[in-house]
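The entries follow the order in which I looked things up.

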Amino acid sequence: MTEREKATKFAELAPPLREGEMEAINALFPAYMFRRRKTGELWTTCCREHITVGNGYGKQDLRRAMWEPHQREPKNRWDERTKPSMNCPLCGKPVIVKELRYTGRRENLSYYKRALVLRWYKGALWARAYDCSKHYTAGYDLAGEPVCKLVGVYRFRPGMVEETTRPWYGDIPFLSIVTQDGPLTKGKWNIHSPFAANAEYGVGYDVIGLDEVQESPLRYCCREEFDVPQYCLLEFLTACCFYPRQIEMLFKAGMGDVVQDLVRRGVKHAVVIDWNNENPAKIFGLNRQELKIFLKTNRDIEILELHKRLKGRVSITVCADWMGMGLDIRRTFQQAKKWGLAPERLIRYLAGNVGCVRYGGMSEALRIWEDYTTAAEATGYPLHRENILLPKDLGKAHDEAASKHRAILQRQRDQAEQQYRKAELDRLAQANAAYDERREKLDRKYGFELDGLLIRAPISGAEVLDEGRALKHCVGGYAERHVQGKTTILFMRRAAKPDEPWLTIEMNGDKLIQIHGYRNEGIHTMEGRFAPDPREVYREFLDTWLDWLKKGSKRDKQGRPKLPGKKKEAA
């Protein structure tokens, strides 16, 4: 027998839907009362009845139903959903009234839900996952049952969980059986929701028949106060098949968060909890007195984790106080190991310096101490001495070490920038030998002066670098490409101040690619707006210059530009 045949046969063993279960699924959908006033017909989706008013039905509620105003659907899915305006005259449930002649094809009324139905059946707890939908378009019975497609079957027994699933779309059969035949070992359950892949619908589902669990051996696990999200119910039931007594004890002890960690993340807190032991005291590895002390705390599992990691050298009460101050166990123990400190020594030191932080408690004190050790190590502090490693005034020591460290980093950055600039200038100097000839050509082609404004080519690549630094934009990165002839950078200046950086232009032949000034105009003016675009401010000058370029950059005998359509030369 193939895997597909085994999965199909396993799915057939599951109990079929009962009438009560179908009613519960139907109740998940919006309840409508469709009406055709002309013929006196009523269809109710809540109790699935189709009647004609007047044929033995003369109640006042029925007469009201025929004249209740039609309720329109919202214009888009972001609007609030339509609310019921009356109760069904047959079963009393709130319904939305729809007059058929106003509903069109009713395609906007289609609705989809996903349901997980539980049943104690033939010595096992079965869970059946259904992809459900209701449609009211032509071809569907207005008072009919939901369309339910079986997409997952689960069987829960002590020490064994079996699952088979298939996609919600198409007629793809069940492909294989997945089993969980042993306790959790690698932080991941084999059993998962069949709806997890349906991203367009989300991952939640409605649970029907939760009271059926009370008929199974898992009834003591599912206490009234258990707070496991419904979309994790399958993983929760799987955990109950292997750790029923342990889960029951944890719920009774008010430690439902530990159960959630096991179910949702596969975290067992094995440092604290012995999942192979069913004795209430031994499961935590505590004696009776210690257990009583722990139960008087807020029962945070990390209190016991800290107590265990410190190997009992610190009492549970003190551990509870430290956890209440926001201790980060993992980071604190990492830092203690790094610097060769006893963990409790570091924790007591942090507890004594909580006053130097405003928020975050011991976790923030640890962060400040980490910053201090980083800065102190970089500046050469003798951290092998404990009075230096754990200074008396952490806040003051942190500020002093951080200031010295910043000074060192600033010197390193300045040196790196000088080296980078020197390397850039060296590369540009090598290219500048060939650039002089290119610059003359650029000036002949692009050099222009009119109405107190001028455009010229950079003298060298270094001048492009200086332009970028002065105007706080990225043209400095174009220096080498400009010198090599891969792009063209030009300067627009005031004729009275030809050497003062002002506007920078990038050209591609006769086409202006971009023109920008200080910070690419990303600054606010006195009026509170961003600086205007230079293309708009100097449009007349730029249009005249570009038109002159397209006409061949003609000049007179003195080398001044000859403007098209003007008899006089530009000054």
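Is glutamate 344 buried or exposed? I looked it up in this model, which is predicted. Glutamate 344 counts as buried, at 15% relative accessibility, since the cut-off for buried is under 20%.

Entry 1, the partner of glutamate 344. I found a salt bridge from glutamate 344 to arginine 313, with 2.7 Å between the closest N and O atoms. Glutamate 344 sits in helix H11 (residues 343-352), while arginine 313 is in the loop between helix H8 (301-309) and helix H9 (316-324), so the pair ties together parts 31 residues apart in sequence. Arginine 313 is partly exposed, with a relative accessibility of 48%.

I ran the search over the whole structure and noted 33 salt bridges.

I looked up its salt bridge with glutamate 212 and noted 3.5 Å between the closest N and O atoms. Arginine 18 belongs to the loop between helix H1 (3-12) and helix H2 (19-26), and glutamate 212 to the loop between strand S11 (206-208) and helix H4 (233-242); the pair therefore ties together parts that are 194 residues apart in sequence. I have arginine 18 as partly exposed at 41% relative accessibility, and glutamate 212 as buried at 15%.

Aspartate 547 has a relative accessible area of 33% and is partly exposed. Lysine 551 is also partly exposed, at 48% relative accessibility.

Which residues do salt bridges with shared partners join into one network? I noted Arg18, Glu21, Arg119, Arg128 and Glu212.

I located leucine 512 in strand S16 (residues 511-516). Its relative accessible area is 11%, so leucine 512 is buried. Leaving out residues up to four places away in sequence, I listed its contacts as Ile505, Glu506, Met507, Arg535, Leu542, Trp545 and Leu546. I also took one distance from leucine 512: its C-alpha atom is 61 Å from that of leucine 389, and the two residues are 123 apart along the chain.

Key. Residues numbered from 1 in each chain as written. Predicted model: local features only at pLDDT ≥ 70, side-chain atom pairs only at ≥ 80, totals over all residues. Heavy atoms only, no water. Salt bridge = Lys/Arg side-chain N within 4 Å of Asp/Glu carboxyl O. Helix = DSSP H or I, 4+ residues; strand = E, 2+ residues; numbered from the N terminus. Buried < 20%, exposed > 50% of the residue type's maximum accessible area, 1.4 Å probe, protein only. Contact = heavy atoms within 4.5 Å.
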